[in-house]
Amino acid sequence: MRRKLMYVLPVLVVLVVMACSGAKSKLQSTANFTKVNALVAKDTFEIQNDWMLPLGGSQINLVTTPNHIKIEGDSIDVFLPYFGVRRMGGGYLADGGIKVKNLMENYKVVTDTVKQTTQISFDANISTERLGFTITVFANKNTLTQVVSSQRDAIGYRGSIQELTKEIP
């Protein structure tokens, strides 16, 4: 009996420790989710992307490439590199990236408490081009941004959300 207890006791200790650590991470995740929602609710934040996800290729590292999505109230300032196919429009002197400094339209925020994600969507215009943005914000402040265009292939970006460091001029 004593020999059996020597084998069972360490297993029980490990199981108890694992169960307690799971509860702690769930509470921490919920706290992070609450902080992210408070940040999004202020409508004053920015997103820095580390990876670009073109439609027909492998991911591209953006760590040394300037980029941002800044939202302040109903104004946006977007500066994102673009790597993909442009179907129409543009021109010889047109910017290759996605640059928008305008008012956004159809701004909507949807929170999923079960998955602990917040989805932000809005539309914007660049002269004759219409852009649709969908940003999924996770509890750990990571983001997944998808941009759909009326003139280009869709593209995605992975990054993180933070408080707005400099106001939109």
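The side chains of R130 and E105 form a salt bridge, with N and O 2.8 Å apart; the term stands for a side-chain nitrogen of Lys or Arg within 4 Å of a carboxyl oxygen of Asp or Glu. This pair links distant parts of the chain, since R130 belongs to strand β8 (residues 129-138) and E105 to strand β6 (residues 105-112), 25 residues apart. Strands here are DSSP runs of E with at least two residues, numbered from the N terminus.

The model is predicted: local features need pLDDT of at least 70, side-chain atom pairs count only at pLDDT 80 or more, and totals for chains, interfaces and linings use all residues. Residues are numbered from 1 along each chain as its sequence is written, and side-chain values use heavy atoms, with hydrogens and water left out.

R130 also forms a salt bridge with D123, where the closest N and O atoms are 3.5 Å apart. Another of them joins the side chains of R152 and E129, at 2.8 Å from N to O. This pair too links distant parts of the chain: R152 sits in the loop between β9 (142-149) and β10 (155-163), E129 in strand β8, 23 residues apart. In general, side chains of opposite charge can pair when their charged atoms come close.

How accessible are the residues of these pairs? The table gives relative accessible areas for four of them, with buried meaning under 20%, exposed over 50% and partly exposed in between (1.4 Å probe, protein chains only).

| Residue | Relative accessible area | Class |
|---|---|---|
| R130 | 30% | partly exposed |
| E105 | 33% | partly exposed |
| R152 | 6% | buried |
| E129 | 2% | buried |

R152 has a further contact: the residue lies over the face of Y82, at 5.0 Å from the ring centre. A charge sits over a ring if NZ of Lys or CZ of Arg is within 6 Å of the ring centre and within 35 degrees of the ring normal.

## Strand β8 and its neighbours

Strand β8 is mostly covered, as seven of its ten residues are buried. Strand β7 (residues 117-126) runs antiparallel to β8 and is joined to it by ten bridges; two strands pair if DSSP finds at least two bridges between them. Two residues lie between β7 and β8 in their hairpin, and S127 in the turn has a positive phi of about 45 degrees.

β8 also pairs with β9, in the antiparallel sense and over seven bridges. Here G132 stands opposite V148 in β9. The hairpin of β8 and β9 has three residues between the strands, and K141 takes a positive phi near 75 degrees.

## The aromatic pair

How many aromatic pairs are there? The count comes to one, where rings of Phe, Tyr and Trp (its six-membered ring) pair if their centres lie within 6.5 Å, and planes under 30 degrees apart count as stacked, over 60 as edge-to-face and the rest as tilted. The pair of F122 and F133 is stacked because the ring planes are at 15 degrees, with the centres 4.8 Å apart. F122 is in strand β7 and F133 in strand β8, eleven residues apart. F122 is buried at 1% relative accessible area, and F133 is buried at 1%.

How values were computed. Helix = DSSP H or I, 4+ residues; strand = E, 2+ residues; numbered from the N terminus.
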